[in-house]
Amino acid sequence: MANIIEVENIQKEFNRKPILKDVSFSIKEGSINGLLGPNGAGKTTIIRLLNGVINATDGDMKVMGLDPRKDGDEIRKRAGIVTESASLYHDMSAWDNLVFYSKIYNAYDPKRITQLLEQFEMLPFKDQLVGLFSTGMKKRISLAKALLHKPKILFLDEPTNGLDPEGISSVIHYLHKVNEEEKVTILICSHVLHQLEDLCDSYLFLKEGRIIEKGILRELEDKYLTDVRLLVETGLRPQEGSHYNGFAYEVKGTNKLEFLLDSKDEIAPLLRQILNDSWVHSSVIINRSLESIYFKIGGIDHE
Amino acid sequence: MNKTTITAIAEKDIRATFASKKIWMPMVILAVFLCIFFPAAFTYIGLHTELLNHSSEDLKKPIEQVIKNFSIEETRTTLAALPTIGEQVVYFFLNFMLTPFFLMAAIVNSMVTSSNSFAGEKERKTLESLLFSPLSVKDLFIGKVLASLIPTLLIVFSSFLLNFIVINLITYPFFKQILFLNTTWLILIFWVIPALVLFNILLNVLVSSKVKSFQEAQQFGGIMILPIVGILISQVTGLFFLSPFILLLIGGGFLLGNALLLKIITKLNDRNSLFESQIH
């Protein structure tokens, strides 16, 4: 897969205050990428720079082979964005909002609007005022808005902010669908990590204006998660207080034991031994979350 | 320039103006009151009642003074030939003192819509989305200007037409001439007012794109009322009358001002500076 975004040594200052320092990364076409970091890390600034709505102080960027500084309009024609606020007109219906934005993008096509409303299950509400919608419904219309002109890249800034768990999982479901069906490359900024775990192919970790780590989840796991915590649902009752055949464990409720292993390689032998003695209904690595990696990375001194 | 996007912006804003009673009602009420109801009531009272004639002693002297010194001979003769003080006052009022009322209605109405143009988008958090689109900043400005210009001129022209019908229905039996169908009025309505409204809108749109909120934008817009007050005073006191030539000059002056403002707007507002100053 070719790179659709390439960023090299980008610097950005506002009123002489550095916001981004020496940021470099690339994004592959057709992938879903998470840009993670705390509030104020510079995530939104990166999205703005890539769209050419603000200019970098220094460095080079290429988005779809174009320079945002010179070819901003061309990039904006081919990119869709969902900003943190839904950016819709509350006094207009969902349909009118989409018609308006499609004209702004020179892509007015009632069939496309109907198709997107259907895709996001909003067709029955098309004539209702957006102001009356729930946050989740507004987000879905906002996503439809971003896809009106069939963009090649979709930028999402905190797309799940203010959503309830149901809203969050539906947005994630739609993003998967859009990526698969329309082959759109997606870059999502977020500080809420567990939502992105099943969604993204690779991650960029941003802290205080610097990319401090990047990669796919498996690579990051191997690099940062030195021990494995395995929660096993089993009928096993070890005789020893804290060890079972040399594996350290803790009792975590009825029929649940949490084992502390040195590596993933120990999982299979452990389970084999347990199965010799008792039954196993489930086993799951509980410290293999994006959140654990995020905190591990954040804790390392990169200065 | 992209016609589709400009039309989309203008259409959306004009729809929003006329969709909200709270916005269009005051605009229409102001124009109806200043340009139709008030002059009609004044005319009716002046011609059909003795109210103005009763207080003739107070009015007689200044009116005679004005007639005596009036620069346009034709008007002087017409005024002097009118039989009652009431008719003279009404004739004078309709021909000369009504001008600032139309200017006022035009200014206030265009201010309401134009000061909301950018500040409104910002407050609704939609400006960010517009700047993230391929829409050019120039097209955005043109769309915003049209969105203010069209409703204002629509209201001003309709008020003029209604005023023309209503007032002439009342006055024709007395004056035996059709009022407002003269060079001065036609230049005022179709030359000066559009140029002035455009100037006011450009100024307000510029201010609206620079300030942080709708309220701030309106504060600046309020300053535009001052020249109108000046014209009103000069007309009433007879300091100088707006002859067709002066009106042509005023309109031309505003057009020049418009060209200048457009230059400033395009210079001050590229996408980057608009984004950095308006979006946080």
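**View 1. Parallel pairing of β5(A) and β6(A) in the predicted model.** In this predicted model, β5(A) is joined to strand β6 (residues 153-157) of chain A over 4 bridges, and the two strands pair in the parallel sense. Within this pairing, A:Ile81 is found opposite A:Phe155, a residue of β6(A). Helix α5 (residues 135-147) of chain A packs on the sheet here, where it touches both β5 and β6 of chain A, and its direction makes about 165° with that of β5(A).

**View 2. The open sheet of chain A, with 6 strands in mixed pairing.** Read across the sheet, the strands of chain A follow the order β5-β6-β7-β3-β8-β9. The edges are taken by β5 (79-82) and β9 (210-216) of chain A, and because each has a single partner strand, one side of each is left without a neighbour in the sheet. From one strand to the next, the twist averages 15°.

**View 3. Helix α7 of chain A across β8 and β9 of chain A.** Helix α7, which spans residues 217-224 of chain A, lies across β8 (202-207) and β9 of chain A, and the helix runs at about 110° to β9(A).

**View 4. A nonpolar surface patch in chain B.** The residues B:Tyr172, B:Ile178, B:Leu181, B:Leu186 and B:Phe190 together make this patch, which amounts to about 490 Å². Of these contributors, B:Tyr172 belongs to helix α9 of chain B, a helix that covers residues 137-175. With a relative accessible area of 41%, B:Tyr172 is classed as partly exposed, and this value can be set against the requirement of over 30% relative accessible area for residues that form patches.

Definitions and conventions
Residues are numbered from 1 along each chain as its sequence is written. Chains are lettered from A and ligands numbered from 1 in the order in which they are written. This is a predicted model: local features need pLDDT of at least 70, side-chain atom pairs count only at pLDDT 80 or more; totals for chains, interfaces and linings use all residues. Side-chain values use heavy atoms; hydrogens and water are left out. Patches are made of residues with over 30% relative accessible area and no salt bridge: like charges are joined within 9 Å, nonpolar side chains (Val, Leu, Ile, Met, Phe, Trp, Tyr) within 5 Å. Accessible areas come from the Shrake-Rupley method with a 1.4 Å probe; for residues, only the protein chains shown count as cover. A salt bridge is a side-chain nitrogen of Lys or Arg within 4 Å of a carboxyl oxygen of Asp or Glu. Buried means under 20% relative accessible area, exposed over 50%, partly exposed in between (1.4 Å probe, protein chains only). Two strands pair if DSSP finds at least two bridges between them. Axes are lines fitted to C-alpha atoms, for helices over the stretch in contact, and angles run from 0 to 180 degrees between N-to-C directions. Contact means heavy atoms within 4.5 Å.
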